[in-house]
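This report describes selected features of one protein structure. The sequence and the coordinates are shown first.

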Amino acid sequence: AMLVLLLALSLVTANSAQAQSFSVIHNFSGGLDGANPYAGLTMDRGGNFYGPTYAGGSRHLGTVYRLNRSGSSWIADGLYSFLGGPTDGAEPVARVIFGPDGNLYGTTSIGDSCGGLGCGIVFKLQPPANFCRSVSCPWTETVLHFFEGFPNDGEFASGELVFDQSGNLYGTTESGGRYAGILYELTPSGNSWTETILHNFTSTDGYEPYGGLILDNSGNL
């Protein structure tokens, strides 16, 4: 009887494995939809996907895109192209997340005027205020924080952000701070955000944090 049961389970497992299929839902063009999508995807309540790309866009400095489901196919929509330079970020490598206000939040690894290629930013993307009938409807970017780098701030933000129940943001930078990266908090205050460095990594407790953070039910990171 045991042998028959094992055989039946094997057949069910084999049939389940054979039922799996792989399909490509989008090939990136390197244009407004971007190129080199290093980070994972975020899904909204409508089943659409959002993500950043490291390259591509209007200045080849990365994008944030959306994949809209249309029947059995997917339509790519470039929401924002990063501009780099002293006023914007470039080359995002972390997943974007939805905030409690329904806007997208994320980081870029470089950008702004922090010398060289820049230290990176934390940004918010808002959808158009009015209904957009165009095929491509760009979102509006607001920079929440420009990283300043060593020794008083972080640089190269590579981990995704996380919100707490009070609407504060937390994240890490791979380098900067006093030595080997930081863990930071951004607190909203009116139309601005205030950064607090919660921890400077020293190599004895870790070095160059690359991933994102999570919060437990007690509010610990």
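## Disulfide

C114 is partly exposed, at 23% relative accessibility. The model, which is predicted, places the sulfur atoms of C114 and C119 at a separation of 2.0 Å, and the two residues form a disulfide. The structure holds one disulfide.

## Salt bridges

Two salt bridges are counted. One of them joins the side chains of R66 and D77, with an N to O distance of 2.8 Å. R66 belongs to strand β3 (residues 63-70) and D77 to strand β4 (residues 73-81), so that the pair, eleven residues apart, links distant parts of the chain. Both ends count as buried: R66 at 17% relative accessibility and D77 at 4%.

R95 forms a salt bridge with E160, and their closest N and O atoms lie 2.8 Å apart.

## Open sheet

Four strands make up an open sheet in the order β12-β13-β15-β16, and their pairing is antiparallel. The edges are formed by β12 (162-163) and β16 (192-200); each has a single partner strand, so one side of each lacks a neighbour in the sheet. Strands of a sheet pair through backbone hydrogen bonds.

Strand β15 (residues 182-189) runs antiparallel to β16 and is joined to it by eight bridges. Within this pairing, Y184 has I197 of β16 as its bridge partner.

## Nonpolar cores

The largest nonpolar core has 14 residues, of which Y105, V122, L161, L169, Y184 and W193 touch the most other members. Strand β15 gives the most to this core, with three residues. Another core, of eleven residues, lies apart from it and includes Y80, V96, I121 and W139.

N103 lies in the loop between β6 (97-98) and β7 (104-108). N103 is buried, with a relative accessible area of 8%. Its side chain makes a polar contact of 2.9 Å with the side chain of D101. Leaving aside residues up to four places away in sequence, N103 touches I97, F98, K124, L125, Q126 and P127.

Definitions and conventions: Residues numbered from 1 in each chain as written. Predicted model: local features only at pLDDT ≥ 70, side-chain atom pairs only at ≥ 80, totals over all residues. Heavy atoms only, no water. Disulfide = S-S within 2.5 Å. Buried < 20%, exposed > 50% of the residue type's maximum accessible area, 1.4 Å probe, protein only. Pairing = 2+ DSSP bridges. Helix = DSSP H or I, 4+ residues; strand = E, 2+ residues; numbered from the N terminus. Polar contact = N/O pair within 3.5 Å; in protein donor to acceptor, adjacent residues only side chain to side chain. Contact = heavy atoms within 4.5 Å. Core = buried A, V, L, I, M, F, W, Y, C linked by side-chain atoms within 4.5 Å. Salt bridge = Lys/Arg side-chain N within 4 Å of Asp/Glu carboxyl O.
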